[in-house]
Structure formats: structure tokens, C-alpha cells
Amino acid sequence: MAEEELFLTTIKGRVDKNDLIRLDWQLTQSGDEAALICNDFEDEAVSSVVNGMMLVNNVVKKNQSIIDLAQFGNQYLPSKFNAWVDNGTINKDNKPDILWITDYRIELNSTTLYN
């Protein structure tokens, strides 16, 4: 999130009226997680025994699917966003127009930051 904070700080005072600001972040699985079928999915092309072995391997190694990572990020971003508003990193001049957490973005529409 440090890169996003630096971006928001850098564009302060340089945003034109019709500019759109998108706040996004990257979720990265480890090499082991990406190489295996993650525990949220099963591959119908292989046997259930192989799927079961991969599931056990993922559970033992605590591998996370991209969906698991996204759910964690979606819980973390609102509190980080609010902290940035509180410390002045985000203000009316550089507030993001596009957030990928729709429910939170709808909630932001009713705040003074977006009105």
C-alpha cells in the first residue's frame, strides 16, 4: 500500500477537473500457490484422488487462492483508506473515483469527501 500512498501524495494539487483516479492494488500468490490448483477450486480433468491430494497439500502449506487474498484485501482497504483521509493523504482534490470494492465505494458516496 506504500506505492498507492505515494501516488496519492504525488498527485495532490495536480488533478484536473475531468481526471479519474483509480485506486487499486496487486495481490500476489506465492510460487507454490500459483503452481498448484488452489483449494477453492477443483479440476474436473483430473481424478478426485489428485484433487484431494492437492487440497491436502494446500491446507497443510496454508496456501491461499487469489479469492482468499482478495477477501483479505477487501477487509483491509477500507480501514487504510479511512486512515489516509484522516491523515490528509486523501482529500477532495485527489480522492479516488474508482475503487474495486463496490459496497465500500457506495458507502463513500454519502461522506463529505465525495459531496
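1. Overall burial. This is a predicted model, and in it 26% of the 115 residues of the chain count as buried. The chain exposes about 7,900 Å², and carbon and sulfur atoms supply 54% of that area.

2. Secondary structure and its order. The chain holds five helices and two strands, and when these are read along the sequence they follow the pattern α-β-α-α-α-β-α. As for how the chain is brought together, residues 24 or more positions apart account for 62% of the contacts with a separation of 6 or more.

3. The largest nonpolar core. This core has 14 residues, and those that touch the most other members are Leu 8, Leu 23, Phe 81, Ile 90, Leu 99, Tyr 104 and Leu 108. The elements that give two or more residues to the core are α1 (2-11), α4 (66-87) and α5 (102-108), and of these α4 gives the most, with three residues.

4. Leu 23 within that core. Which residues does Leu 23 contact, once its neighbours within four places in sequence are left aside? The list consists of Glu 4, Leu 8, Leu 77, Phe 81, Trp 84, Pro 96, Ile 98, Leu 99 and Trp 100. Among these, Leu 8, Phe 81 and Leu 99 are also named with Leu 23 as core residues that touch the most other members.

5. The largest pocket. About 200 Å³ of space lies in this pocket, and its lining is made by Met 1, Ala 2, Glu 3, Glu 4, Trp 25, Gln 26, Leu 27, Phe 72, Gly 73, Tyr 76 and Leu 77. The elements that give two or more residues to the lining are α1 and α4, with α4 giving the most, namely four residues. Sorted by class, the lining has seven nonpolar, two polar and two charged residues.

6. Trp 25 at the pocket. Trp 25, one of the lining residues, lies in the loop between β1 and α2 (31-35). Is Trp 25 buried or partly exposed? Trp 25 counts as partly exposed because its relative accessibility is 21%, whereas buried means under 20%. Leaving aside neighbours within four places in sequence, Trp 25 is in contact with Met 1, Glu 4, Gly 73, Asn 74, Leu 77 and Ile 101; Met 1, Glu 4, Gly 73 and Leu 77 also belong to the lining of the largest pocket. Trp 25 and Trp 100 are 75 residues apart in sequence, and their C-alpha atoms are 9.5 Å apart in space.

7. Gly 13 in a loop. Gly 13 is placed in the loop between α1 and β1 (22-23). Gly 13 counts as exposed because its relative accessible area is 69%, and exposed means over 50%. Although Gly 13 and Asp 93 are 80 residues apart in sequence, the two are 6.5 Å apart in space, C-alpha to C-alpha.

Key: Residues are numbered from 1 along each chain as its sequence is written. This is a predicted model: local features need pLDDT of at least 70, side-chain atom pairs count only at pLDDT 80 or more; totals for chains, interfaces and linings use all residues. Side-chain values use heavy atoms; hydrogens and water are left out. Buried means under 20% relative accessible area, exposed over 50%, partly exposed in between (1.4 Å probe, protein chains only). Contact means heavy atoms within 4.5 Å. Accessible areas come from the Shrake-Rupley method with a 1.4 Å probe; for residues, only the protein chains shown count as cover. A nonpolar core is a set of buried Ala, Val, Leu, Ile, Met, Phe, Trp, Tyr and Cys residues joined through side-chain atoms within 4.5 Å. On a 1 Å grid over the protein atoms alone, a cavity is a set of points where a 1.4 Å probe fits but cannot get out, and a pocket is an open set with protein on both sides within 12 Å along at least five of seven lines; lining residues have an atom within 4 Å of a point. Grid points are joined across faces, edges and corners, and a volume is the space filled by probe spheres set on the points. Ala, Val, Leu, Ile, Met, Phe, Trp, Tyr, Cys and Pro count as nonpolar, Asp, Glu, Lys and Arg as charged, and the others, Gly among them, as polar.
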